[in-house]
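Open the model in a viewer and keep the sequence panel at hand. The tour below goes from one selection to the next and says what is there.

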Amino acid sequence: MSDDQEPDEEDLPALMVAYQRGELAAFERLYAGLAPPLRQYLRSLTFNAATAEDLLQEAFLQLHRSRRTYRPPRPVKPWAFSIARNVYRMDRRSDGRRRRHEAPAEEDLPEIPVPAAADDLAGRTEVRRALAGLPSEGRESLLLHHVWGFSFGEIGGLLGIRGGTAKLRAHRALAALKRTMAGTNDRE
Amino acid sequence: MTVNDPLLDKLRARITPDLRPVRPLRPAWLRALTLLPWSLLGLAVLTAMFSPRWGVSALTWVVSGVQIFVAYVLLWTALREAEPGGRPSGLALGLAAGAAFAVPLAVYLLILHAQPRPMPAAREWRVGLECLSVEIALGLPAAALGLWLAQRGLPLRRAAAGALVGLAAGVGAVGIWTLFCPFTSAFHVLTAHGGPLLLLGLAGLFLAVFVLFRRRL
């Protein structure tokens, strides 16, 4: 793997170990591997690209402060996503009373990822709009599994729920997404 | 991508001065074992302060050990809550908190059934205060140790983690003191033994939420 490429997922634990040893280069490689999915994840939580960018910075700072809590050779992504989610929740707690989550206007929809399972249902914009209308809990489990490839056990550990509950949420969200898309297609 | 990323530049500037090596935390089950030396130390101190009760029945030793084991499980659960990506489910947290009250209650009912010993009315308040103060004195260092261990991680549900640490200290203290207090009067058990358990749980919760686990983001 060369230094200007995103590291593979299997390389992340070794990079984390090097980062824990204090190597700045390892942090930079980790950033290259983690920033894109974390940015997408935070966008899917906040529905706001600018807020997601702010939270991404905070997430990496928190990740740095909490780097000792990573235990090799565990997968790095669930650990990093869990920290990013906590940053989002803390931000929402402090800010949420005055800036409640509202359904975003169509033109505000950020580039939230579209699960492959829903890719053939309609155009990406329609799927994004339908995703935005899903309950947040279901949408989160759906995206974590179908976009970022987490197992339901990992999603459970990340969200603090049972793996079975995560699976049920994702399944229901996908079914709701398909129903919405079917309705949209029928109208068209 | 990484070369001209302004966010990476900012992060690099913030992180570089604090890039000292760190050792990964040990697994939660291993860190929770610190409860064992605390239990032995507590037992030794109490034995030195009060008369040794080596003549207590095997049942008392067993239920004391069971309660200390439950305290260990509670602390382990709290420390897992402080591990990002490995958090226990809400159900597991609820079951652990329920066990913190259910197990001492079951132990009390068992001892009441097997070895009932009513409290002499004249000594009720004095003994009650003694049990209360000893259990709190025994539990506070354990709670402090547990909160420190949890604080080294990243407790995400701060209230739950703090309450579980406090309850672990409380159940452990009740478990050790079971060897020294033979009385089974319901009022005494509920106030002098249940009281410290509840107080330590609440203390853990408030310390976690308002003092210790507040993190700058």
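**Whole model**

Begin with everything shown, and keep in mind that this is a predicted model. Its scores are ipTM 0.82 and pTM 0.86.

Colour by pLDDT next. Chain A has an average of 84, with 80% of its residues scoring at least 70. For chain B the mean is 90, and 95% of the residues reach 70 or more. Where pLDDT is low, the predicted coordinates should not be read in detail.

Which helix of chain A has the lowest confidence, and which the highest? The lowest is helix α5 (residues 124-132) of chain A, with a mean of 80, and the highest is helix α1 (residues 12-20) of chain A, at 96. In chain B, helix α3 (residues 35-49) is lowest at a mean of 88, while helix α7 (residues 158-177) is highest at 95.

**Chain B**

Select chain B. Its secondary structure consists of 8 helices and 0 strands, and from the N terminus on the order is α-α-α-α-α-α-α-α. Along the principal axes, the C-alpha atoms of chain B fill a box of roughly 80 × 35 × 25 Å.

Chain B has 217 residues, and 45% of them are buried. Of the contacts in chain B between residues at least 6 apart in sequence, 88% join residues at least 24 apart.

**Chain A**

Switch to chain A. How many helices and strands does chain A have? There are 8 helices and 0 strands, in the order α-α-α-α-α-α-α-α from the N terminus on.

Of the 188 residues in chain A, 42% are buried. Among contacts in chain A with a separation of 6 or more, 63% are between residues 24 or more positions apart.

**α1 and α2 of chain A**

Now show α1(A) and α2(A) together. Their axes come within 8 Å and cross at roughly 145°. The crossing of these two helices, α1(A) and α2(A), is left-handed.

To see what makes the contact, select these side chains:

- from α1(A): A:Leu12, A:Leu15, A:Met16, A:Ala18 and A:Tyr19
- from α2(A): A:Ala26, A:Phe27, A:Arg29, A:Leu30 and A:Gly33

The residues of this contact between α1(A) and α2(A) divide into 8 nonpolar, 1 polar and 1 charged.

**α2 and α3 of chain A**

The axes of α2(A) and α3(A) come within 9 Å and cross at roughly 135°, so α2(A) is oblique to α3(A). Here α2(A) passes α3(A) in a right-handed crossing.

The contact can be shown with two selections:

- from α2(A): A:Tyr31, A:Ala35, A:Leu38, A:Arg39, A:Leu42, A:Arg43 and A:Thr46
- from α3(A): A:Ala49, A:Thr51, A:Ala52, A:Leu55, A:Leu56, A:Ala59 and A:Phe60

By type, the residues of the contact of α2(A) with α3(A) are 10 nonpolar, 2 polar and 2 charged.

**A:Ala84**

Centre the view on A:Ala84, in helix α4 of chain A. Is A:Ala84 buried or exposed? A:Ala84 has 27 other C-beta atoms within 10 Å, and 20 or more count as buried, so A:Ala84 is buried.

Apart from neighbours within four places in sequence, A:Ala84 is in contact with A:Leu38, A:Tyr41, A:Leu42 and A:Ala59. Among these, A:Leu38, A:Leu42 and A:Ala59 also belong to the contact of α2(A) with α3(A).

**α7 of chain A**

Move on to α7(A). Because 7 of its 8 residues are buried, α7(A) is largely enclosed by the rest of the structure. The buried residues are A:Phe152, A:Glu154, A:Ile155, A:Gly156, A:Gly157, A:Leu158 and A:Leu159. Just after α7(A), stop at A:Gly160, which takes a positive phi of about 75°.

**Where the chains touch**

Finally, show both chains again. How many residues does each chain give to the contact? Chain A gives 36 residues and chain B gives 30 residues.

On the chain A side, the elements giving two or more residues are α2 (24-46), α3 (49-65), α4 (76-95) and α7 (152-159). The residues on that side of chain A divide into 16 nonpolar, 12 polar and 8 charged.

Definitions and conventions:
Residues numbered from 1 in each chain as written. Chains lettered and ligands numbered in written order. Contact = placed C-beta atoms within 7 Å. Helix = DSSP H or I, 4+ residues; strand = E, 2+ residues; numbered from the N terminus. Nonpolar A, V, L, I, M, F, W, Y, C, P; charged D, E, K, R; others polar. Buried ≥ 20, exposed ≤ 12 C-beta atoms within 10 Å, placed from the backbone. pLDDT = per-residue confidence, 0-100. Axes fitted to C-alpha atoms, helices over the stretch in contact; angles between N-to-C directions. Left-handed = near helix turned anticlockwise from the far one by under 90°. Parallel < 35°, antiparallel > 145°, perpendicular 65-115°, else oblique.
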